[in-house]
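Thanks for coming. I will go through one structure today, starting with helix packing, then aromatic rings, then a few backbone details.

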Amino acid sequence: MITYRFVTNEDIPHIQTIARDTWMFTYGDIYSKDYIHNFLSVAYSTENLSRSVERDLQSSKRKFLIAEYNNVIVGFAQTTQIHEEKYELTRIYIRPEYHKLGIGTGFIQRYIQVLAPIKHLFAWVAKDNDIGRGFYEKCGFKETEEKVEIIGGNTKKQLKYELELQM
């Protein structure tokens, strides 16, 4: 059974493990190991995650959720409000061994409920990230924009995927 709930500080070690495992699985052939390690050590530090959890629990504009599969924490996702009914999905990660069980799709459905009235959800994904791109396309997102970023000293293309919702 899959359940979704808001993140607490007790979830931070699970988030860090999921982030490490999914980043290596997803981005190991896209970014250097040093870049991944350095990024994770900052973005997923206990201090940064604790601030994010506290901020999200107190804000109506940000939502940070955990997914559990048979009482095991297997994924997390986070959104932030950009405009009144427009949100960015800033991160969504699921342990690789739990892919294709509907957990990611469940996150999208849960956010549509939690963020109502939401009319627009978007996410940026590395153009080389075939796993992420396939997920967004399967969920009905459409590729709408491309930008170039310098990441870890390398030029990388990022794609914007958008989901329009009829409420």
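Which residues in H1 meet which residues in H3? Before I answer, note that this is a predicted model. On the H1 side they are Ile12, Ile15 and Gln16, and on the H3 side Thr46, Leu49, Ser50 and Val53. By class, that contact has 4 nonpolar residues, 3 polar ones and no charged ones. H1 covers residues 12-27 and H3 residues 46-58; their axes come within 10 Å and cross at roughly 115 degrees. The crossing is right-handed.

Next, helix H4, residues 103-114. Its 12 residues should span 16 Å at 1.5 Å a residue, and the end C-alpha atoms are 16 Å apart, so the two values agree. The buried residues of H4 are Ile103, Gly104, Gly106, Phe107, Ile108 and Tyr111.

Now the rings. The structure holds 16 aromatic pairs. One of them is Trp23 with Tyr93: the ring centres are 6.4 Å apart and the planes stand at 45 degrees, so this pair is tilted. Trp23 sits in helix H1 and Tyr93 in strand E4, 70 residues apart, and the pair therefore links distant parts of the chain. Are these two residues buried or exposed? Trp23 is buried, at 6% relative accessible area, and Tyr93 is buried as well, at 12%.

A second pair is Phe135 with Tyr136. Here the centres are 5.2 Å apart and the planes are at 65 degrees, so the pair is edge-to-face. Phe135 has a relative accessible area of 18% and is buried; Tyr136 is buried at 6%.

Ring pairs also build a cluster, whose members are Trp23, Tyr27, Tyr31, Tyr35, Phe39, Tyr44, Phe64, Phe76 and Tyr93.

Last, the backbone. Where is the cis peptide bond? It joins Ala116 and Pro117, with omega at about 5 degrees. Pro117 lies in the loop between H4 and strand E5.

Asn71 is not a glycine, yet has a positive phi of about 70 degrees. Its place is the loop between strands E2 and E3, and at 72% relative accessibility Asn71 counts as exposed. Lys100 also has a positive phi, near 70 degrees. Lys100 is in the loop between E4 and H4, and is exposed, with a relative accessible area of 83%.

That is the end of my part.

How values were computed: Residues numbered from 1 in each chain as written. Predicted model: local features only at pLDDT ≥ 70, side-chain atom pairs only at ≥ 80, totals over all residues. Heavy atoms only, no water. Axes fitted to C-alpha atoms, helices over the stretch in contact; angles between N-to-C directions. Helix = DSSP H or I, 4+ residues; strand = E, 2+ residues; numbered from the N terminus. Left-handed = near helix turned anticlockwise from the far one by under 90°. Contact = heavy atoms within 4.5 Å. Nonpolar A, V, L, I, M, F, W, Y, C, P; charged D, E, K, R; others polar. Expected span 1.5 Å × (residues − 1). Buried < 20%, exposed > 50% of the residue type's maximum accessible area, 1.4 Å probe, protein only. Phe/Tyr/Trp six-rings, centres within 6.5 Å; stacked < 30°, edge-to-face > 60°.
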